[in-house]
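Hi,

Here is the structure I promised to pass on. Have a look at it first, and then read on for what turned up.

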Amino acid sequence: MMDDSVHSPDDALQPRDASRSSNTVTVSLTLNGEPVTLEVEPNVVLLDALRERLDLTGTKKGCDHGQCGACTVLIDGHSANSCLTLAVMHEGCEITTVEGLARDGQLHPVQEAFLEHDAYQCGYCTAGQMMSTVSMLNDKRIGSDDASVKEAMSGNICRCGAYKNILSAVQSARAKA
Amino acid sequence: MTESIIGHRTTRIDGELKLTGKADYAADHNLPGQVYGYPVPSTIARGRLVGLDLDAARQAPGVIEIVHRGNFPALQHSDNNPACGSEGRLFHSPNTMAEQNKVGEARLPFEDDGIHYEGQYIAMVIADTFEHARAAARLVTARYEEETAVPGLFQTDDEGEEAGDEAVSRGDPEGAFESAPVKFDHTYTIAMETHVAMELHASNATWDGDRLTIYESTQGVVFQRNAMAQIFGIPPEKVTVIAHYIGSGFGSKLFMWPHAVITAVAAKMVGRPVKTVLSRQQNFCSAGNRPASRQRIRMAADRDGKLLSIRHDSQNETSFVDAYTESVGSGTPRVYACDNVSVSQRRVQVNHGTPTSMRAPGEVSGSVALEIAMDEMAIELGMDPLELRRRNFAERDPSADLPWSGNHLRECWDDASRRFGWEKRNPQIGSMRDGHEIIGWGMADATWEAMRSHCKARVELRADGKVQVACGTQDIGTGTYTIVAQTASELTGVPLERIEVKLGDSTLPAGPLSGGSMATATTLPAVAGATRDAIEQLKQLAIADGAPFEGKEADALTFENGTLSDGSQTLSFAELLDKLQRGMAEGEASAAPGEEQDKFSFRSFGAHFVEVRWDPGISRLRVSRVVSTIDVGRAINPLTARNQVEGAIVMGMGMGMFEETEYDSAGNIYNNNYADYIVPVHADIPDIEVELLDNPDYNFNEFGVRGIGEIGITGMAAAISNAVYHATGKRIRDMPIKIADLIASR
């Protein structure tokens with residue numbers, strides 16, 4: 001289903017005037033535990049770098065403005081909207097995407113909880129919901145009661161409205177963590 | 001098999017793909033040689049495009065092509081443009097449901113120089129990267145001859161054009177109204193809403209000679225294939241539309257929008273795959289909306305609460321490039337027993353984006369007005385609003401002179417009111433308090449027609465022990481993959497782990513749109529038929545000359561738990577196929593509604609009970625509790641079915657309290673993003689307790705299912721408004737309810 005070839009549009013094309021698009025910066029970072037080096041123009045946001053250059057398309061674009069949370073990833077362990085940050089800002093950073101949650105073929109407890117509680121419908125906001133959950137469960141400042149969880153998760157919109165099940169999944173994952 | 005999997009809580013078979021980021025949505029496809037499309041939208045809402053300055057964009061880094069009216073294939077007349085089709089021209093799609101080629105907007109992109117709404121495409125830049133395409137698109141400048149935009153429905157006196165086929169009348173509604181002892185005449189409005197599905201509309205088109213393959217975020221691969229074939233003048237079998245996963249649509253992705261046509265033309269022009277992902281802002285302009293509606297309801301009853309007359313006359317917005325009728329009153333003649341009813345609908349053309357179906361199209365808007373009106377009638381009569389509804393229960397479908405196949409509304413009322421505690425309601429306005437907060441309790445009925453369409457499916461029992469089911473419908477998040485697998489598992493006895501489901505590809509046997517709550521009732525009978533056909537073919541293979549069951553009658557063989565048996569010999573289908581050196585036993589089937597349609601009226605019913613809390617000190621309104629009981633026949637998968645209703649309730653909260661696409665007088669949307677167009681978020685979500693009655697509707701199909709996607713949103717905003725009235729005494733007839741409405745002096 002997914003195309004296996006890793007595709008880099010920058011390399012694949014010969015722009016008419018190559019000198020105009022050679023304004024790239026080298027960025028080295030750790031992505032899901034693996035070292036990665038990127039050559040990107042400075043205005044490439046992290047989300048587009050992940051999706052369009054590294055084929056890590058599990059992280060979704062819902063608004064491109066930091067309003068919906070679909071693009072949430074972990075940067076050095078903390079949740080962040082990957083659409084609101086430039087790739088070049090993450091030299092040396094450790095970035096975890098939804099593709100990095102499962103380990104050795106074993107789903108992360110948050111993934112298992114989302115599966116069991118049907119904490120999604122279309123699945124498009126799900127990566128962001130789960131990354132925020134992982135971050136929140138590690139954040140001692142956020143209470144464990146339902147109201148605190150709902151407040152903390154409100155940056156992640158689910159237009160399908162599977163909020164009740166997401167809350168159940170979050171609390172179930174907390175209990176198992 | 002020992003236990004039925006139909007009706008059993010089943011986690012999604014595609015769940016792990018969605019949870020690991022492997023589910024492939026349209027924009028997730030990155031094809032070799034792919035380039036990027038970025039549209040240039042009109043910044044005016046009405047006028048003519050008189051000039052485009054493309055020079056700066058052409059000089060920008062990475063730009064490969066700019067598609068615009070000057071180089072776009074002309075409509076239906078030959079020119080020398082080599083871009084598309086053998087004659088370099090395009091055609092209109094016939095744009096019909098019957099031919100399954102309906103599109104979102106009849107006008108082709110760049111068809112003329114007219115500008116009909118803000119955000120209409122005036123060009124699309126094709127560049128090597130997304131960033132280059134976006135940057136260059138912003139360098140395109142346009143010159144317009146601007147005209148004064150026709151403002152929205154609520155700012156115009158235009159009566160609009162009558163949609164004649166919507167008109168319904170029975171009895172003498174006018175006479176009955178005039179002579180009735182209790183009556184009122186009120187007007188209700190529903191603001192324009194936008195679907196804002198999380199997934200942005202996206203197309204990724206590739207041509208191989210005269211064959212087009214397009215990954216699209218669509219609720220209808222077959223419809224889009226047919227429309228594309230018509231527009232490009234090529235046979236449907238040369239068009240493949242793929243939508244394995246869809247980040248939902250709620251109607252906005254039922255029918256193809258112009259960006260897909262531009263993307264396909266661009267791919268032809270540049271000879272490469274072109275991927276276009278619309279921005280959120282663009283999605284608001286040119287991918288449909290629930291049109292604003294204004295509804296006048298004249299309702300009359302006798303003093304015992306018997307409804308004597310309902311007249312429901314509505315208007316909806318449409319654009320200048322497609323005539324969209326929102327069937328606002330479609331439920332009104334059917335829900336309650338009333339001898340004198342009329343419904344009419346008018347369309348008013350405005351310079352807003354073209355509307356389309358949005359979850360429970362028409363009927364939800366109508367149900368909100370009707371269910372508020374029922375509450376108003378209860379107040380007029382001094383009667384409990386639930387009791388008023390009980391007194392007008394329709395024993396038969398009053399609009400069709402047919403018996404209901406199954407109307408369990410009374411059970412819904414009983415169950416939901418009991419769980420809610422409705423009998424403890426003090427009817428006096430503002431009488432129920434909890435500290436600073438005034439509590440309001442309101443209720444409304446929910447209803448949605450049960451529909452079914454044509455469907456084909458194919459099933460393969462494979463030598464590797466797997467069962468593959470294929471159907472050209474989609475799973476938009478509703479759980480279609482899983483219920484199709486449950487169906488095949490039920491009939492074969494093969495566990496879910498060994499069932500593969502292929503959906504979302506127009507080359508598969510033609511399946512239905514994922515819309516109208518009809519995909520389940522439409523698809524499963526075809527899947528069942530194909531499964532039985534495959535089992536029958538397996539039996540025929542088994543009894544053929546030289547086969548393990550040679551000489552037996554096919555009917556004497558049983559097929560259970562994936563194994564074929566004649567009582568003495570038992571072979572799994574994999575073992576049998578292996579012995580026969582066959583790859584598979586294949587079955588196909590086609591299913592369609594039949595004569596049951598002439599015998600029964602098929603409609604689902606339910607009831608919402610809502611608690612709101614109004615804190616007048618800080619002017620805060622919250623929905624604090626929702627208890628709903630819904631009858632949809634059988635729920636194939638209660639886990640995903642309940643999720644559908646809960647999600648629809650949440651969207652109904654949005655309709656009642658938040659959602660409004662706002663245009664200024666020049667026709668520009670000023671809340672075209674996820675921060676300013678407010679939708680419910682985690683913090684808004686109250687306790688939601690949904691029960692689904694389990695009354696299989698076997699008159700409708702062998703599984704007893706009627707569909708579930710829409711019903712939960714109907715009536716919901718009315719239940720909130722009615723609860724607000726109970727708390728505050730403020731009757732809000734304009735959705736969404738605004739705090740300003742509640743703090744205004746009476």
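Let me begin where the two chains meet: nine salt bridges are counted between chain B and chain A, a salt bridge being a side-chain nitrogen of Lys or Arg within 4 Å of a carboxyl oxygen of Asp or Glu. One of the salt bridges joins Glu52(A) to Lys275(B), with 2.8 Å between the closest N and O atoms.

Before going further, some housekeeping: this is a predicted model, in which local features need pLDDT of at least 70 and side-chain atom pairs count only at pLDDT 80 or more, while totals for chains, interfaces and linings use all residues. Residues are numbered from 1 along each chain as its sequence is written, chains are lettered from A and ligands numbered from 1 in the order in which they are written, and side-chain values use heavy atoms, with hydrogens and water left out.

Back to the interface. The rule finds 34 residue pairs in polar contact across chain B and chain A, both residues at pLDDT 80 or more. (A polar contact is a pair of N or O atoms within 3.5 Å; within protein, one must be able to donate a hydrogen and the other to accept it, and residues adjacent in sequence count only if both atoms are side-chain atoms.) Several elements of chain B each bring at least two residues to the side that touches chain A, among them helix 1 (15-19), strand 1 (35-41), helix 7 (280-286) and helix 15 (638-657). Helices and strands here are DSSP runs numbered from the N terminus (helices H or I, at least four residues; strands E, at least two). Helix 15 of chain B gives the largest share of that side, eight residues. Sorted by class, the side of chain B that touches chain A has 35 nonpolar, 25 polar and 18 charged residues; Ala, Val, Leu, Ile, Met, Phe, Trp, Tyr, Cys and Pro count as nonpolar, Asp, Glu, Lys and Arg as charged, and the others, Gly among them, as polar.

In terms of contacts (heavy atoms within 4.5 Å), 78 residues of chain B meet 63 residues of chain A. About 5900 Å² is buried between the two chains, and carbon and sulfur atoms give 54% of that. Buried area is the accessible area (1.4 Å probe) that two parts lose on being put together, summed over both. In chain B, Leu19(B), Met198(B) and His682(B) lose the most area to chain A, together 16% of what that side buries.

Next, the aromatic rings. Over all chains, the search finds 17 aromatic pairs; rings of Phe, Tyr and Trp (its six-membered ring) pair if their centres lie within 6.5 Å, and planes under 30 degrees apart count as stacked, over 60 as edge-to-face and the rest as tilted. Phe223(B) and Phe255(B) make a tilted pair, 6.0 Å centre to centre with 45 degrees between the planes. Phe223(B) sits in helix 5 (residues 221-232) and Phe255(B) in the loop between strand 14 (239-242) and helix 6 (258-270) of chain B, so this pair ties together parts 32 residues apart in sequence. Phe223(B) is buried at 5% relative accessibility, and Phe255(B) is buried at 7%. (Buried means under 20% relative accessible area, exposed over 50%, partly exposed in between, with a 1.4 Å probe and protein chains only.)

Phe602(B) and Phe700(B) are also a tilted pair, because their ring centres are 4.6 Å apart and their planes lie at 35 degrees. That pair links parts of the chain 98 residues apart. There is also a cluster in which ring pairs link Tyr124(A), Tyr25(B), Tyr245(B) and Tyr481(B).

Most residues other than glycine have a negative phi, and most peptide bonds are trans. Phe110(B), which is not a glycine, has a positive phi of about 60 degrees, and at 6% relative accessibility it counts as buried. Asn561(B) has a positive phi too, near 50 degrees, but is partly exposed at 43%. The peptide bond from Met735(B) to Pro736(B) is cis, with omega near 0 degrees.

Finally, a look at Thr531(B), in helix 13 (residues 519-543) of chain B. Is Thr531(B) buried or exposed? Buried, at 0% relative accessibility. A polar atom of its side chain lies 2.7 Å from the backbone oxygen of Val527(B).

Cheers
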